[in-house]
Amino acid sequence: MKKFLSFLTVAFLVLSLNAQQFNNSGFETWVGNAPQGWNSLGYMGYNLCKVAKSTDAHSGNFAIEVAPQNFPPVLATIMGMEETFVVPGFLTNATIDMATLIQMFTSGTAGDVEMDMQTFANLLTDGLALTEQPTAITGYYNFVPVDAENSLFAILGLMVAEIEGQRQIVGIGYYSNEEIMVKSEGYQEFTMDLMNFAGTPATELIFLALVESEEIAVNFSSLFLDDVNVVYSSGVEALSFDNTLSVYPNPTSGDFRIEGVNDSRIVITNTLGQVVEQIEHYKGQNIRLNDKGVYFVRLDNGSVRKLIVE
């Protein structure tokens with residue numbers, strides 16, 4: 001189990017009018033204790049890791065918390081296992097072949113570095129159906145580690161297509177705290193580029209979030225996620241997201257300003273690419289957007305910053 005996340009580590013932009021998005025991308029809709037449109041690890045009625053509704057949201061009312069969990073001792077006894085282990089926190093938009101995955105967990109195969117990404121991807125089906133090619137997955141995370149030096153999380157995107165009758169990975173994206181190893185200190189925005197290395201258009205996109213812990217414990221590190229979206233290239237032009245472009249406050253209730261911009265042309269569009277505001281000579285004045293949503297603030301030099309109105 002210690003190598004379950006490790007093998008995964010080995011292995012801008014205009015939104016299209018008809019671009020597909022993850023179902024329940026803001027984790028606002030729940031059926032009991034389960035987020036609609038998302039799946040985790042469960043077996044024989046037991047939750048094998050923690051996936052919970054959280055009111056500590058980036059936007060809206062809820063976010064999702066993902067964390068490892070000790071394999072249920074009762075279930076271990078039922079299955080005749082001599083010892084238990086830690087199950088990584090796990091979240092996906094795909095359907096999981098739990099029977100096969102449980103066999104890997106209990107046999108130790110899931111922690112074997114010889115298990116490649118394609119073998120793992122074969123256990124995940126019915127991801128986001130694609131008719132256009134995604135270029136990135138964006139969202140917000142808040143990582144709360146119990147032990148920052150030994151707590152890892154990873155967010156992955158798998159682009160899948162059928163080649164010669166076989167489901168094959170044709171692209172991948174990866175985002176992790178492996179080099180950061182620190183607490184998030186509140187929600188942080190992430191952008192995970194998706195790279196198609198096969199040259200074959202993907203027809204399916206699988207999202208994965210994992211949180212690893214190596215030792216059995218009472219408390220585990222948690223990864224909170226919110227506002228997870230897919231970004232597509234329209235083929236018209238690419239936006240260059242500039243994190244140094246200061247738009248504040250962001251998120252905002254409607255009013256905001258742009259810092260360090262003198263006499264620039266400003267164009268603000270929504271996620272459909274529609275222009276909602278345009279200023280020919282911006283001089284630092286207050287701007288107001290009345291409708292809640294995600295917008296893109298663009299300067300005439302091509303710099304773009306995402307803006308959220310709550």
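In which helix is the place of V74? The legends below, which refer to a predicted model, begin with that residue.

**Figure 1. Surface patch around V74 in the predicted model.** V74 is placed in helix 2, which spans residues 73-78. Together with M44 and I78, V74 forms a nonpolar patch on the surface. The accessible area of these residues together is about 290 Å². V74 itself has a relative accessible area of 47% and is therefore classed as partly exposed, since that class lies between the buried limit of 20% and the exposed limit of 50%.

Figure 2. A polar contact of 2.6 Å joins the side chain of E65 to the side chain of S222. Leaving aside residues up to four places away in sequence, E65 touches K50, V51 and A52, as well as S222, L223 and F224.

**Figure 3. Edge-to-face pair of W38 and F207.** The structure contains 11 aromatic pairs. In the pair of W38 and F207, the ring centres are 5.5 Å apart and the planes stand at 80 degrees, so the arrangement is edge-to-face. W38 is located in the loop between strand 2 (34-35) and strand 3 (42-43), whereas F207 belongs to strand 18 (residues 204-212); the pair therefore ties together parts that are 169 residues apart in sequence. Both partners are buried: W38 has 5% relative accessibility, and F207 has a relative accessible area of 0%.

**Figure 4. Tilted pair of Y141 and F190.** The rings of Y141 and F190 lie 6.4 Å apart, centre to centre, with 45 degrees between their planes. Y141 is found in strand 13 (residues 134-144) and F190 in strand 16 (residues 188-193), so that distant parts of the chain, 49 residues apart, are linked by the pair. Y141 counts as buried at 7% relative accessibility, as does F190 at 0%. Ring pairs also connect these two residues with F143, F153 and Y175 in a cluster.

**Figure 5. Setting of the close-up views within the whole protein.** The protein has 4 helices and 27 strands. Of its 310 residues, 49% are buried. The accessible surface comes to about 14,700 Å², and carbon and sulfur atoms account for 47% of that area.

Conventions: Residues numbered from 1 in each chain as written. Predicted model: local features only at pLDDT ≥ 70, side-chain atom pairs only at ≥ 80, totals over all residues. Heavy atoms only, no water. Patch = residues over 30% accessible without salt bridge, like charges linked within 9 Å, V, L, I, M, F, W, Y side chains within 5 Å. Areas by Shrake-Rupley, 256 points an atom, 1.4 Å probe, with all protein chains shown as cover. Salt bridge = Lys/Arg side-chain N within 4 Å of Asp/Glu carboxyl O. Helix = DSSP H or I, 4+ residues; strand = E, 2+ residues; numbered from the N terminus. Buried < 20%, exposed > 50% of the residue type's maximum accessible area, 1.4 Å probe, protein only. Polar contact = N/O pair within 3.5 Å; in protein donor to acceptor, adjacent residues only side chain to side chain. Contact = heavy atoms within 4.5 Å. Phe/Tyr/Trp six-rings, centres within 6.5 Å; stacked < 30°, edge-to-face > 60°.
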